[in-house]
Amino acid sequence: MSEAENDTIRLQGLALGYPGRTLFENVDLSFGRGELTALIGRNGTGKSTLLRTIMGLLRPLRGSILIGQKSVHELPQRMIAAQISFVSTDDVRMGHLKVYDVVGLGRAPYTNWIGRLTDADRAAVEESLRLVGMETFGDKGIDTLSDGERQRVMIARSLAQDTPMILLDEPTAFLDLPNKYEIGLLLRSLAHNHGKTILFSTHDLNITLDLCDRIVMIDRGKFLHGTPDEMIANGSIGHLFDGTSIRFDREKGAVSLTPEKKPAFGQHTVKY
Ligand SMILES: Nc1ncnc2c1ncn2[C@@H]1O[C@H](COP(=O)(O)OP(=O)(O)OP(=O)(O)O)[C@@H](O)[C@H]1O
């Protein structure tokens with residue numbers, strides 16, 4: 001098998017859910033090397049569940065997830081950690097650790113049982129901090145950073161882990177618009193210039209449409225996927241807003257309130 005196939009995540013006949021509830025089933029899909037893919041869908045459609053299952057943290061109801069030729073659920077955690085890193089929203093608060101040490105945790109799959117960093121590990125930590133533009137932050141406490149800075153550190157930790165695949169659960173949540181784009185551009189560069197396979201869940205439609213190679217959308221238990229242009233043209237993006245007060249304008253590539261919900265400005269009479 002080629003190296004590129006080893007770096008691919010494949011979902012085969014996948015069904016996920018919780019006791020008494022199936023979120024989706026019969027999903028066949030793969031995520032390719034060097035691609036930035038956004039995983040989108042309304043609240044509660046199963047995006048985090050999918051990411052956590054790919055990480056081997058949850059079991060599928062049916063079907064399998066293959067990393068190269070191997071089912072992720074048959075691989076020991078240490079081997080999964082050498083293939084895929086996970087940036088989850090749960091990670092974001094890490095007590096009083098220094099930035100350098102948080103990024104150093106990414107080296108865990110490679111360090112000995114004491115967890116002592118070698119020169120090579122330290123070089124990986126420094127290079128990871130540099131890639132996310134945080135090289136001067138190593139000595140700062142993680143709890144002293146802004147949300148955007150902390151998010152960069154978490155991405156640096158996954159870079160230090162040096163895996164061909166990176167999954168991120170809502171990496172742009174809590175960030176202001178310029179920082180959302182900064183993180184989006186960073187992920188795009190990691191995919192395109194460093195050959196990483198990157199899948200991230202998000203509710204940021206602008207980032208998704210402007211920066212991603214591919215969109216995977218969970219919509220009422222069905223998976224839709226394609227390039228941003230395909231997903232706009234075939235109406236999939238518009239479906240996200242069915243039954244709501246907003247609609248997606250294909251021409252503008254933007255959402256707005258439906259006309260009947262728009263507040264009528266300038267029509268109020270002020271009484272003295
Ligand atoms: N441990 C659990 N046990 C039972 N049901 C769960 C569990 N975790 C999540 N769920 C349910 O599964 C559904 C999918 O949850 P998940 O967190 O994967 O959705 P999501 O698409 O990531 O949502 P959001 O966009 O709100 O983050 C939700 O309805 C949720 O309530």
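Which residue in the turn of the β4 and β5 hairpin has a positive phi? In this predicted model, local features need pLDDT of at least 70 and side-chain atom pairs count only at pLDDT 80 or more, whereas totals for chains, interfaces and linings use all residues. Residues are numbered from 1 along each chain as its sequence is written, and side-chain values use heavy atoms, with hydrogens and water left out.

The residue in question is G68, with a phi of about 60°, in a hairpin that has two residues between β4 and β5. Helices (H or I, at least four residues) and strands (E, at least two) are DSSP runs numbered from the N terminus, and two strands are taken to pair if DSSP finds at least two bridges between them. Strand β4 (residues 62-67) and strand β5 (residues 70-71) run antiparallel and are joined by two bridges; I67 stands opposite K70 in β5.

Seven bridges link β1 and β2 in the antiparallel sense. Along this pairing R10 stands opposite S30 in β2, and G17 stands opposite T22 in β2. β1 and β2 also form a hairpin, again with two residues between the strands, and G20 in its turn has a positive phi of about 80°. On its other pairing, strand β1 (residues 9-18) is joined to β4 by five antiparallel bridges, and S64 in β4 is the bridge partner of Q12.

A further open sheet contains six strands in the order β6-β7-β8-β3-β9-β10, and its pairing is mixed. Here β6 (84-87) and β10 (222-226) are the edge strands, each with a single partner, so one side of each is left without a neighbour in the sheet. From one strand to the next, the twist averages 15°; axes are lines fitted to C-alpha atoms, for helices over the stretch in contact, and angles run from 0 to 180 degrees between N-to-C directions. β6 runs parallel to strand β7 (residues 165-169), to which four bridges join it, and V87 stands opposite L168 in β7.

Helix α2 (residues 47-54) touches β3 (36-40), β6, β7, β8 (197-201), β9 (214-219) and β10, and its direction makes about 150° with that of β7. Helix α6 (residues 147-160) touches β6 and β7, with a direction at about 165° to that of β6.

The domain assignment gives domain 1 (1-82 + 162-255) and domain 2 (92-161), the bounds coming from an automatic or database domain assignment. The C-alpha centres of domain 1 and domain 2 lie 25 Å apart. Their contact takes 19 residues from domain 1 and 16 residues from domain 2.

Pockets were identified on a 1 Å grid over the protein atoms alone, a pocket being an open set of points where a 1.4 Å probe fits, with protein on both sides within 12 Å along at least five of seven lines, and lining residues having an atom within 4 Å of a point. Grid points are joined across faces, edges and corners, and a volume is the space filled by probe spheres set on the points.

The largest pocket has a volume of about 260 Å³. It is lined by 15 residues, of which H203, D204, L205, L240 and F241 are the closest to its centre. Two or more lining residues come from each of α8 (205-211) and β12 (254-257). The lining comprises seven nonpolar, six polar and two charged residues, where Ala, Val, Leu, Ile, Met, Phe, Trp, Tyr, Cys and Pro count as nonpolar, Asp, Glu, Lys and Arg as charged, and the others, Gly among them, as polar.

The second largest pocket holds about 220 Å³ of space. Among its 14 lining residues, M55, A81, F86, R157 and Q161 lie nearest its centre, and the elements that give two or more residues to the lining are α3 (77-83) and β6. By class, this lining has nine nonpolar, four polar and one charged residues. Domain 1 and domain 2 both give residues to the lining of the second largest pocket, so this pocket lies between them.

Conventions: Contact means heavy atoms within 4.5 Å.
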